[in-house]
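Subject: Structure handover

Hello,

Here is the structure I promised you. My notes follow below it.

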Amino acid sequence: MSGARRPMSDPVLPSLRELLAELMRIPGLAGHEERVAAAIARHLDALGLEHRSDRLGNLMTTLPGDPELPSVMVFAHMDQMGLLVRAVEADGRIRLERQGGVPDRALAAQAVVLCTDAGDLPGVLGIKSHHATSPEEKLRVVPYTDLAVDAGFASKAEAEAAGVRIGTPVTYAPRVHELANGRIAGTAIDDRAGCAALLALAEARRGAQGPTLHLVWSVQEEHNLRGVLPAARALGPDIAIAVDLMLACDTPEMASRGDLRLGGGPAMSLFSFHGRGTLNGVIPHPALVRLVESAAGAAGVPLQRSVHVGALTDLSYIQFEGDEGVACIDLGFPVRYSHQATELVDLADIEALVRLLDAALDRITSDLDLVRRA
Ligand SMILES: [Zn+2]
């Protein structure tokens, strides 16, 4: 960031570390993002940025810029994957349905929170006592359909009186662990780290020259990957940038999947695809790949590269919007242990991602040509 380019102003928001920790601690199952949105909106208010929400719950703000330049939408999803109450048994135990990519083998023995209208209630996904487990059972993954939340209730009537109903959202019990070397582990780093990065970007771009910037905190990514679409249609950007995790491959079990390492800086995706049912993915616009590469050089930020089959973002659907499509690229930060209660990220990667986004926006000039000619 160049101080000469924009008026120097005192920081208004808490640090990125504090923003991330705050957002990680708020349960926000897909379709139930209101509390996350309220927290983000409070920070936008502090920045003096007007914002609005649509019927699905997408939260958006616009920092107006040069109308001659292509407009940019940068977005991150507020929702997290999790579970819903499917039934309450006569003995007060609570059966669950899953929402999004919930890993069965990471669920057993977890602490969870039931988000009732009357408030959050703690519970545990206990499994059979170890002392009574057969050698064969010890190595078996218990599917979520065989698990139940024990929230201490002695009867269905007790659970219902406390506000537990069919449809009550359930997430991992929120947690934040500050680890060595600036690393942070805990709940919903996917994608509260992206949400926090967008707030930091909003603060960094106050008073900046450059393109019109729409920031969107989107909904239901973990549900159906399309919650952001009404926001994209309403804003009609020329360029869209998704900010979400990318899979760190620096642990032995992931080594064959790629090169991304924690602490190695932000990353851009050169290819994503998901075939099972989704049949979508993003091949980024080549002008944006060049833009991000040159921005990384200018900002002194190391830039990692990702090619990945099996995961994708809601950007896949935005690229087809409008009469000419939208020029798209996925940017992100490496994360270990995705969709577990203790996802792990390096704060320095997120800080560098904010600098990269800021530098990329600075480099959007009138000679950036988004049309791909024959
Ligand atoms: Zn995500």
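What volume does the second largest cavity have? About 30 Å³. Here a cavity is a set of points, on a 1 Å grid over the protein atoms alone, where a 1.4 Å probe fits but cannot get out. Lining residues have an atom within 4 Å of a point. Grid points are joined across faces, edges and corners, and a volume is the space filled by probe spheres set on the points.

Before the rest, some ground rules. This is a predicted model, in which local features need pLDDT of at least 70 and side-chain atom pairs count only at pLDDT 80 or more, while totals for chains, interfaces and linings use all residues. Residues are numbered from 1 along each chain as its sequence is written, and side-chain values use heavy atoms, with hydrogens and water left out.

**Cavities**

Two cavities of 30 Å³ or more turn up in a search of the whole structure. Helix α8 gives the most, with three residues. Helices (H or I, at least four residues) and strands (E, at least two) are DSSP runs, numbered from the N terminus. By class, the lining has seven nonpolar, no polar and no charged residues. Ala, Val, Leu, Ile, Met, Phe, Trp, Tyr, Cys and Pro count as nonpolar, Asp, Glu, Lys and Arg as charged, and the others, Gly among them, as polar.

The largest cavity holds about 60 Å³. Its lining has three nonpolar, three polar and three charged residues. Among them are Ala188, Asp190, Glu222 and His339.

**Zinc site**

Asp190 is also a zinc ligand. Donors are N, O and S atoms within 2.8 Å of the metal (3.2 Å for Na, K and Ca). Water is not among the atoms, so the site may look incomplete.

The angles among the four donor atoms run from 51 to 142°, and the site is irregular. Four donors count as tetrahedral if all angles lie between 85 and 135 degrees. Four count as square planar and six as octahedral if opposite donors are over 155 degrees apart and all others between 65 and 115; anything else is irregular.

Along the chain, the donors follow the spacing H-x112-D-x53-D. His77 lies in strand β3 (residues 72-77) and Asp190 in helix α5 (residues 189-204), so the pair ties together parts that are 113 residues apart in sequence. His77 is buried at 2% relative accessibility. Asp190 is buried at 7%. Buried means under 20% relative accessible area, exposed over 50%, partly exposed in between (1.4 Å probe, protein chains only).

**Backbone points to check**

Most residues other than glycine have a negative phi, and most peptide bonds are trans. There are exceptions to look at here. A cis peptide bond joins Asp190 and Asp191, with omega about 5°. Asp191 is in helix α5. Ala188 has a positive phi of about 60°. Ala188 sits in the loop between β11 (183-186) and α5, and is buried at 6%. Gln220 also has a positive phi, near 60°. Gln220 is in the loop between β12 (213-218) and α6, and counts as buried at 18%.

**Largest pocket**

The largest pocket holds about 1200 Å³. A pocket is an open set with protein on both sides within 12 Å along at least five of seven lines. Its lining has 41 residues, of which Leu247, Gly310, Ala311, Ser338 and His339 lie nearest the centre. Elements giving two or more residues include α6 (221-224), β13 (239-247) and β16 (327-336). The lining divides into 14 nonpolar, 17 polar and 10 charged residues.

**Sheet**

An open sheet of six strands has the order β7-β6-β9-β4-β5-β8, with antiparallel pairing. Two strands pair if DSSP finds at least two bridges between them. β7 (119-124) and β8 (148-149) stand at the edges, each with a single partner strand, so one side of each is left without a neighbour in the sheet. Six bridges join β6 (residues 111-116) to β7. These two strands form a hairpin with two residues between them. Cys115 stands opposite Asp120, and Ala111 opposite Val124.

Best wishes
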